[in-house]
Every structure is written in structure tokens, then in C-alpha cells.
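Here is a walk through one protein model, taken a few residues at a time. Keep the structure open beside you and look for each spot as it comes up.

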Amino acid sequence: MLSEIHAFLGCRTPQAWVHAALANVATLLIDHKNCEYKAAATAMSLIAKYNSHLDLVNMMSRLAREELVHHEQVLRLMKRRKVEPLPLSAGRYASGLRKCVRAHEPVKLVDTLVVGAFIEARSCERFEALVPHLDEDLGTFYHGLLKSEARHYQGYLKLAHQYGDATDIARTIERVRSAEAQLIETPDTEFRFHSGTPS
């Protein structure tokens, strides 16, 4: 599955980001917690907006519950490590990817699902990049998340193909892949879970 995710993404996480993450573990955890909450909120929003799409509703319901469990797990990890859940502004990553989403239906839904697949794939790849460098407690937790993030990536992509046209989806993937790689590889002023190369 990791080889499939590597092929799907346009680039690997720069080592400079890994070094920044290891130097900013508290910020990493706070932003990871926020990402899990936002992932659950996104799933709930899709349920509300596309409630007649039953396969989407079923998958997003399960995904939202799982993301909230992960949110609680990160909170417990933060408590053990005495990391205060301080306010943290959102990075540029998700908003940058949302610019790739077309405004009209049904392609708006399909583009949103493709973007979701990229976010989950990048999360999986970031966990993979971090695990070898982390202490046992955090490394074990992040390694355990690899499988769920990969499954979410597959689920988003499967739904995109269910509701969209394969040729159009292929073009969308290329467009989002290019934008996503640029966000990951270009200098970023803020360190976040999905931030680019530290400037």
C-alpha cells in the first residue's frame, strides 16, 4: 500500500520537514489533533451536503467516527506529555488544495473526494517518514495510524470513481498532484503537520 501511495503523490516529504517536526513535537501534536478534528468535520459536512449519496454517507459516517477516535487518542498523548492544547492557526495546505476544486456539480463533489484522497495519502506518507525517528510511544502510535490513513485514501478515491468520470478524474488527479507537490516542496513560513519545506 505504501508503494501505491508513493506513486499517487507527486513527491516525498523533504527531510528538512522531518527535522523540523522532531524539533517541534508539541506543535506537531497540536496540529495533528486539529487535523483529526477537521477530517471528522469534513466527513460530517459531506454527509450533510450529499445525503442522497448513500455509499458516501455510509463511508463518511464511519470515517468521522474513526477520525474522532484518533482526535481523542492524540489528546491523551498530549496529556501524557504535558503538551498544552494551545490555539494554532491553520496552515496553507488544505486551503491551497481547495483551490483545485471546481465550483459546479457534479465535478465539485468528485474534486473534493480527490483532494481528500491526497490529504489522507500525504498523512500516511508523513507518518511513515516520522516513525523511524520517534520515541517508542509516539512511533508506535503513528505506525498504527498508517493503515487507517491508507484505507481512508482508498475510500476517497473509490467514491470519486463511483460518482465521476474516469478520464476527468485522471486529469483532476494530475492537477491536484502538481498543486500538492508544490505545497510540500516550496518554502513555508509556518511548521504544521502538512506544511512545506521550512523556510
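This is a predicted model: local features need pLDDT of at least 70, side-chain atom pairs count only at pLDDT 80 or more; totals for chains, interfaces and linings use all residues.

Leucine 54 is exposed, with a relative accessible area of 57%; here buried means under 20% relative accessible area, exposed over 50%, and partly exposed in between, using a 1.4 Å probe and protein chains only. You'll find leucine 54 in helix α4. Helices are DSSP runs of H or I with at least four residues, strands are runs of E with at least two, and both are numbered from the N terminus.

Residues are numbered from 1 along each chain as its sequence is written, and side-chain values use heavy atoms, with hydrogens and water left out.

Is alanine 64 buried or exposed? Alanine 64 is buried, at a relative accessible area of 3%. Contact means heavy atoms within 4.5 Å, and, leaving aside neighbours within four places in sequence, alanine 64 is in contact with Ala40, Ala43 and Met44. Threonine 42 sits 22 residues away from alanine 64 in sequence, with 8.1 Å between their C-alpha atoms.

| Residue | Relative accessible area | Class |
|---|---|---|
| Histidine 32 | 2% | buried |
| Alanine 64 | 3% | buried |
| Glutamate 125 | 3% | buried |
| Glutamate 105 | 39% | partly exposed |
| Lysine 82 | 72% | exposed |

Now for histidine 32, in helix α3. Which residues does histidine 32 contact, leaving aside its neighbours within four places in sequence? They are Val74, Phe127, Phe141, Tyr142, Leu145 and Phe193.

Glutamate 125 belongs to helix α6. Not counting residues up to four places away in sequence, glutamate 125 touches Ile5, His6, Leu9, Arg12 and Thr13. Arginine 12 is 113 residues from glutamate 125 along the chain, yet their C-alpha atoms are separated by 7.6 Å.

Helix α6 has a partner in α2. Helix α2 (residues 15–23) packs with α6 at an angle of about 70°, and their axes are 10 Å apart. Axes are lines fitted to C-alpha atoms, for helices over the stretch in contact, and angles run from 0 to 180 degrees between N-to-C directions. The two helices, α2 and α6, are therefore roughly perpendicular to each other. That label covers 65 to 115 degrees; under 35 counts as roughly parallel, over 145 as roughly antiparallel, and the rest as oblique. On the α2 side, Trp17, Val18 and Ala21 meet Arg126, Ala129 and Leu130 of α6. By class, this contact has five nonpolar residues, no polar ones and one charged. (Ala, Val, Leu, Ile, Met, Phe, Trp, Tyr, Cys and Pro count as nonpolar, Asp, Glu, Lys and Arg as charged, and the others, Gly among them, as polar.)

Most residues other than glycine have a negative phi, and most peptide bonds are trans. Lysine 82, in the loop between α4 and α5, has a positive phi of about 55° although it is not a glycine. Glutamate 105 and proline 106 are joined by a cis peptide bond, with omega about 5°. Both glutamate 105 and proline 106 lie in the loop between α5 and α6. Glutamate 105 also touches Lys49 and Tyr50, not counting residues up to four places away in sequence.

Last stop: the largest pocket, which holds about 830 Å³ of space. A pocket is an open set of points on a 1 Å grid over the protein atoms alone, where a 1.4 Å probe fits, with protein on both sides within 12 Å along at least five of seven lines; lining residues have an atom within 4 Å of a point. Its 34 lining residues include Lys38, Thr42, Ala94, Arg98 and Ile119, which lie nearest the centre. Helix α3 gives the largest share of the lining, 10 residues. By class, the lining divides into 13 nonpolar, 10 polar and 11 charged residues.

Definitions and conventions: Grid points are joined across faces, edges and corners, and a volume is the space filled by probe spheres set on the points.
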